Every structure is written in C-alpha cells, then in structure tokens.
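Here is a short report for a reader new to this structure. Have the sequence and the model at hand while reading.

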Amino acid sequence: FISAEESERMWEEKVLGHDYVVMLVMGPWFRDEFSNGDLFGKLRPLSAVLPGWLEEGMCVQDIVWDEDLGEYRLEPDGRRDAFVALA
C-alpha cells in the first residue's frame, strides 16, 4: 500500500507505473475466496458474509457500515491506494 500523497505525486509527475495505482473500494458483490466448500469462488453479496466476519474479527482493516450512504466502507487510514504490478 502507498499513501494518498504518494499516489497523487505519482499521478501528477506521471512517474513510470503511475497507471498501476488503484484505489481499493468495496462493492455489493465479491468473489468469495475465503469460505470453504461449495462457496469458495462463488460470486456472493458482501452483506451475506461481512457482518459475521466482522463479529468474528476476521478482517484486518476496520470496516464500518455507513448508514448515510447505505454501504460498507474502509475506515480512512491514509493507505487506501495500492500499487499493482505483474511480476
């Protein structure tokens, strides 16, 4: 992960690889690569599993329900951008 400031700098200066910087967001659906059995790899609604995972403490980042927006969001930590590259 890189900071928001580093991400902005890379884009402004068009640093080599700047177009590989992505922002992490949460959508209503996800490909389940965390459950066992028949659920593994299935496209599932995030709301079907995230509340339980949050209760169990399975999530590394703080994820909260935003009542005003009606969606889950990552708590801001200044590190929501990731640099993605193929090796």
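Start with the aromatic side chains. Phe30, Phe34 and Trp53 form one aromatic cluster. The model shown here is a predicted one. In total, the structure holds 3 aromatic pairs. One of them joins Phe34 and Trp53, whose ring centres lie 5.7 Å apart. Their planes stand at 80°, so this pair is edge-to-face. It links distant parts of the chain. Phe34 sits in the loop between β2 and β3, while Trp53 belongs to helix α2 (residues 50-56).

Are Phe34 and Trp53 buried or exposed? Phe34 counts as exposed, because its relative accessibility is 57% and the exposed class begins over 50%. Trp53 is buried, with a relative accessible area of 15%. The cut-off for buried is under 20%.

Another aromatic pair consists of Trp65 and Tyr72. Their ring centres are 4.9 Å apart and their planes meet at 70°, so this pair is edge-to-face too. Trp65 is partly exposed at 43% relative accessible area. Tyr72 counts as buried at 16%.

Next comes a pair of strands. Strand β4 covers residues 63-66, and strand β5 covers residues 71-74. They pair in the antiparallel sense, over 4 bridges. Which residue of β5 is the bridge partner of Ile63? It is Leu74.

## The whole chain

From the N terminus on, the elements run α-β-β-β-α-β-β-β. The chain has 87 residues, and buried residues make up 23% of them. The chain exposes about 6800 Å². Carbon and sulfur atoms supply 55% of that area. Contacts across the sequence can be counted as well. Among those between residues at least 6 apart, 37% join residues at least 24 apart.

## Salt bridges

Side chains of opposite charge can pair when their charged atoms come close. How many salt bridges does the structure hold? It holds 4. The table lists some of them.

| Salt bridge | N to O distance |
|---|---|
| Arg9 and Glu13 | 2.8 Å |
| Arg31 and Glu33 | 2.3 Å |
| Arg44 and Asp32 | 2.5 Å |

Take Arg9 and Glu13. Both lie in helix α1, 4 residues apart, which means that about one helical turn separates them. Arg9 counts as partly exposed, at 32% relative accessibility. Glu13 is exposed, with a relative accessible area of 51%.

Arg31 and Glu33 come next. Arg31 is partly exposed, at 49% relative accessible area. Glu33 counts as partly exposed too, at 43% relative accessibility.

What does the pair of Arg44 and Asp32 tie together? Arg44 lies in strand β3 (residues 43-45), and Asp32 lies in the loop between β2 (29-31) and β3. The pair therefore ties together parts that are 12 residues apart in sequence. Arg44 counts as buried at 13% relative accessibility. Asp32 counts as buried at 0%.

Some salt bridges share partners. Such bridges join Glu6, Arg9 and Glu13 into one network.

## A buried histidine

Where is His18 placed? Its place is in the loop between α1 (4-13) and β1 (21-23). His18 is buried, because its relative accessible area is 16% and the cut-off is under 20%. Which residues does His18 contact, leaving aside its neighbours within four places in sequence? They are Met10 and Trp11.

Terms used
Residues are numbered from 1 along each chain as its sequence is written. Side-chain values use heavy atoms; hydrogens and water are left out. Helices (H or I, at least four residues) and strands (E, at least two) are DSSP runs, numbered from the N terminus. Buried means under 20% relative accessible area, exposed over 50%, partly exposed in between (1.4 Å probe, protein chains only). Contact means heavy atoms within 4.5 Å. Two strands pair if DSSP finds at least two bridges between them. Accessible areas come from the Shrake-Rupley method with a 1.4 Å probe; for residues, only the protein chains shown count as cover. A salt bridge is a side-chain nitrogen of Lys or Arg within 4 Å of a carboxyl oxygen of Asp or Glu. Rings of Phe, Tyr and Trp (its six-membered ring) pair if their centres lie within 6.5 Å; planes under 30 degrees apart count as stacked, over 60 as edge-to-face and the rest as tilted.
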